[in-house]
Amino acid sequence: MPVGKRIYLKRNMPDPELMRQFAELPASNVADCMERSCAMNPRIRLVSNPPQSGVCGPAFTVKCRAGDNLALHAALTFCQEGDILIVSNEEDTTRALTGEVMLSFLFYTKKVAAIVIDGPIRDIESVSKWPYPIYCTGTTPGGPYKEGPGEVNVPVACGGISVNPGDIILADHDGVIVIPPKDAPTILEAAKKFHEADEKKSAAGKNGTANREWVLTALEKKGFEIIDDVYEA
């Protein structure tokens, strides 16, 4: 088997009902229930204009050589409706891996849920208006090579986070998080409770009933000193 030039067609897929319920929650609330260690680096950001608040789907992973999109073209051939493409690019920022032509096929023909690229795209003037979730690190007119190597549906690193094929991807206007399917039921229940409590805190902040006593308690516990005086240099 040619390591570096492999295309796996099958994945262990997550529960569709779990993904549906995750899509109703803010990525930030879910991330807080995962010890805040699941969010991709904010260099990967939303650059389009989806109408929905968030999107959730199974990871279809793509490992590209820096600045080369042959493996991404392979992924466009084999991905399925509802997938979220997660594209590793060795953190290269010099060449766009995709643009309007590929993205048109990806969204209108293949009907994938979103694409997340650890690298730039191009044709931003057009695709920034699209109602499809497109996440990337930026833009450049410089195009990619198509030589390989590359792999499809293998473990990758994207935005500093490990992603396995079939992991649950939750993305919204804040960014992208990765949820291991094995832990998803426990995380979902915790996130629902967290979100409910968070909404109550937000309402309290608006109506003037917020309780901030925990801040003074935390400062005291951590050894902070509050000085009722002016700092003198």
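Two strands pair if DSSP finds at least two bridges between them, and strands here are DSSP runs (E) of at least two residues, numbered from the N terminus. Strands E9 and E10 form a hairpin with two residues between them. The model is a predicted one, in which local features need pLDDT of at least 70, side-chain atom pairs count only at pLDDT 80 or more, and totals for chains, interfaces and linings use all residues. Residues are numbered from 1 along each chain as its sequence is written, and side-chain values use heavy atoms, with hydrogens and water left out.

E9 (residues 168-172) has a partner in E10 (residues 175-179), antiparallel and joined by five bridges, with Ile168 standing opposite Ile179 in E10. Five bridges also join E9 to strand E2 (residues 54-64), again antiparallel; here Pro58 stands opposite Ile168 of E9.

Over to the helices (DSSP runs of H or I, at least four residues). H3 (residues 70-78) packs against H4 (residues 100-109) at about 25°, axes 10 Å apart; axes are lines fitted to C-alpha atoms over the stretch in contact, and angles run from 0 to 180 degrees between N-to-C directions. That makes H3 roughly parallel to H4 (angles under 35 degrees). Leu72, His73 and Leu76 of H3 meet Met102, Phe105 and Leu106 of H4 in the contact (heavy atoms within 4.5 Å).

Notes
Angles under 35 degrees count as roughly parallel, over 145 as roughly antiparallel, 65 to 115 as roughly perpendicular and the rest as oblique.
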